[in-house]
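Dear colleague,

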Amino acid sequence: MLDKFFPNVDWEAMWSATIETLYMTGISVLVTFILGVILGLLLFLTSKGNIWQNVTINKVTSAVVNVFRSIPFIILIVLLIPFTKLLLGTMIGANAALPALIIGSAPFYARMVEIGLREIDKGVIEAARSMGAKTSTIIWKVLLPESMPALISGITVTAIALVGYTAMAGVIGAGGLGNLAYLEGFQRGRSDVTLMATIIILIIVFILQFIGDYITSKLDKR
């Protein structure tokens, strides 16, 4: 049945490309979550009136975040070619896409983390401080638990953006569904290959959104 509508699709290659896309997305989401939370906490804690108030650190961190989240992803990949080659020795393959994917998405997610932290009732933070709680205790027992629904919602949005980024990275040889759709579909005039790659990407996006919404609803105590 599928062969009738998608005669040019190599299903083994399509499956392999799907695995590569999931690999790139999964690793990128994990590292982006960790770096984004660290950067978001730094932005929040060093801002005016907070525990680590420091104008210089806050402005420098904010500037770095703003610069990297403002660069279009396709340009960022090109800019990072020397760094990626130095780090991995190649610009081809799924692993070669990871530096650009992480550097492109972590600052974006960091801003979402900062916004989530700012939504926490300041009274809860002040209560913890008045009881003599250490900064590490406030971070692990107050800030992260209270902002977790926003953090999960934010990483869901970021993960979906990363799926799109992997497709763009595929155009310059990073592998995955984007690479397959471009080389085997677009360049060879096989629209059915491009269509199937697009359908699989949409399925991945819908699954990510469903999982993110489900976890967020379970964590949200409001």
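**Aromatic pairs**

In this model, which is predicted, the count of aromatic pairs comes to three. One of them joins F73 and Y165, whose ring centres lie 4.4 Å apart and whose planes are at 5 degrees, so this pair counts as stacked. F73 belongs to helix α4 (residues 73-79) while Y165 belongs to helix α8 (residues 135-171), so the pair ties together parts that are 92 residues apart in sequence. If you look at how much of each residue is covered, F73 counts as buried because its relative accessibility is 6%, and the cut-off for buried is under 20%. Y165, with 21% relative accessibility, counts as partly exposed.

Another pair is formed by F210 and Y214, where the ring centres are 6.5 Å apart and the planes are at 20 degrees, so that this pair is stacked as well. The reasoning behind that word is that planes under 30 degrees apart count as stacked. Here both residues sit in helix α10, and because they are four residues apart there, about one helical turn separates F210 from Y214.

**The surface of helix α10**

Is F210 buried or exposed? With a relative accessible area of 58%, F210 is exposed, whereas Y214 is partly exposed, at 46%. Helix α10, in which Y214 lies, runs over residues 191-219. Both F210 and Y214 also take part in a nonpolar surface patch of about 810 Å², whose other members are L195, I199, I203, I207, I211, I215 and L219.

Which side chain does the side chain of S47 make a polar contact with? The partner is the side chain of N50, at 2.7 Å. Leaving aside residues up to four places away in sequence, S47 also touches Q53, N58 and R118.

Please go through these places slowly with the structure open, and write back with any questions.

Technical notes. Residues are numbered from 1 along each chain as its sequence is written. This is a predicted model: local features need pLDDT of at least 70, side-chain atom pairs count only at pLDDT 80 or more; totals for chains, interfaces and linings use all residues. Side-chain values use heavy atoms; hydrogens and water are left out. Patches are made of residues with over 30% relative accessible area and no salt bridge: like charges are joined within 9 Å, nonpolar side chains (Val, Leu, Ile, Met, Phe, Trp, Tyr) within 5 Å. Accessible areas come from the Shrake-Rupley method with a 1.4 Å probe; for residues, only the protein chains shown count as cover. A salt bridge is a side-chain nitrogen of Lys or Arg within 4 Å of a carboxyl oxygen of Asp or Glu. Helices (H or I, at least four residues) and strands (E, at least two) are DSSP runs, numbered from the N terminus. A polar contact is a pair of N or O atoms within 3.5 Å; within protein, one must be able to donate a hydrogen and the other to accept it, and residues adjacent in sequence count only if both atoms are side-chain atoms. Contact means heavy atoms within 4.5 Å. Rings of Phe, Tyr and Trp (its six-membered ring) pair if their centres lie within 6.5 Å; planes under 30 degrees apart count as stacked, over 60 as edge-to-face and the rest as tilted. Buried means under 20% relative accessible area, exposed over 50%, partly exposed in between (1.4 Å probe, protein chains only).
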